[in-house]
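Hi everyone, thanks for coming.

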Amino acid sequence: MKVRIDQSWQEPLRAQFEAPYFETLTSFVRQRYGVAQVFPRPANIFAAFDSCPFDKVKVVILGQDPYHEPGQAHGLSFSVPEGTSLPPSLVNIFKEMAADTGGTVPASGDLSYLAKQGVLLLNATLTVEAHKAGSHQGHGWEVFTDAVIEALNHGREHVVFLLWGAYAIRKGALIDRTKHLVLTSPHPSPLSAYRGFFGNHHFSKANEYLHEHGLTPIQWLR
């Protein structure tokens with residue numbers, strides 16, 4: 001199956017695009033776009049990959065679902081388009097970035113500037129229906145995004161994986177910690193941020209690791 005995704009990801013994920021589950025998944029997604037309001041818009045389903053080529057990935061930030069309210073999701077985990085109000089989890093991410101690395105919380109929640117630096121902003125499920133969190137879970141996206149993590153695990157070295165919350169932390173079982181850095185903490189949502197997300201220093205720790213391995217650190221705040 002030909003999938004419109006950045007060319008650098010075509011070979012690492014070829015087996016997924018040709019697998020029977022992926023054809024079933026795409027049929028399900030097409031059907032839902034035809035009868036329901038689904039986010040993000042189709043052109044942005046693979047925006048995380050188009051914004052961050054396979055061979056440029058330095059850091060992976062794993063989310064669960066796209067945002068499910070209108071105007072928020074645009075294909076990058078935790079990110080919202082320019083001019084959109086900041087969701088609470090993103091506010092907390094910016095607060096920790098600022099406390100950890102210096103700077104101030106920005107007005108814009110568009111994280112594409114991070115993707116351009118090599119941060120793969122990956123959701124485990126790439127589509128969702130309006131007002132229905134988790135509505136496209138269990139239809140194959142998780143198989144696909146597990147394969148993404150495994151492709152990076154096997155095909156790259158010295159990638160930093162930021163796994164926040166129990167759902168993301170479980171994905172850590174797919175990652176070889178002798179080749180990569182895995183940092184875990186509670187999720188940045190208001191329900192859990194004060195249980196250990198604040199003060200996790202993941203952003204400075206990621207940059208220290210990248211620097212140690214001869215890679216350019218991420219400018220977390222513009």
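Let's start with α7, which gives the most to the lining of the largest pocket, with three residues. Helices here (H or I, at least four residues) and strands (E, at least two) are DSSP runs, numbered from the N terminus. Please keep in mind that this is a predicted model, where local features need pLDDT of at least 70, side-chain atom pairs count only at pLDDT 80 or more, and totals for chains, interfaces and linings use all residues. Residues are numbered from 1 along each chain as its sequence is written, and side-chain values use heavy atoms, with hydrogens and water left out.

Back to that pocket. Its volume is about 540 Å³, and of the 28 residues lining the largest pocket, Q64, D65, Y67, S89 and H187 are the closest to its centre. At least two lining residues come from each of β2 (59-63), α4 (88-101) and α7 (166-170). By class, the lining has 14 nonpolar, 12 polar and two charged residues. Ala, Val, Leu, Ile, Met, Phe, Trp, Tyr, Cys and Pro count as nonpolar, Asp, Glu, Lys and Arg as charged, and the others, Gly among them, as polar.

A word on terms: on a 1 Å grid over the protein atoms alone, a pocket is an open set of points with protein on both sides within 12 Å along at least five of seven lines, a cavity is a set where a 1.4 Å probe fits but cannot get out, and lining residues have an atom within 4 Å of a point. Points are joined across faces, edges and corners, and a volume is the space filled by probe spheres set on them.

The second largest pocket holds about 450 Å³. Which residues lie nearest its centre? They are V3, R30, P42, I45 and F46, out of 15 lining residues. Helix α2 supplies the largest share of this lining, five residues.

Finally, α2 (residues 20-35) packs against α6 (residues 141-155) at an angle of about 125 degrees, the axes being 9 Å apart. The contact (heavy atoms within 4.5 Å) joins Y21, F22, L25 and V29 of α2 to W141, V143 and F144 of α6. Those residues are seven nonpolar, no polar and no charged.

Conventions. Axes are lines fitted to C-alpha atoms, for helices over the stretch in contact, and angles run from 0 to 180 degrees between N-to-C directions.
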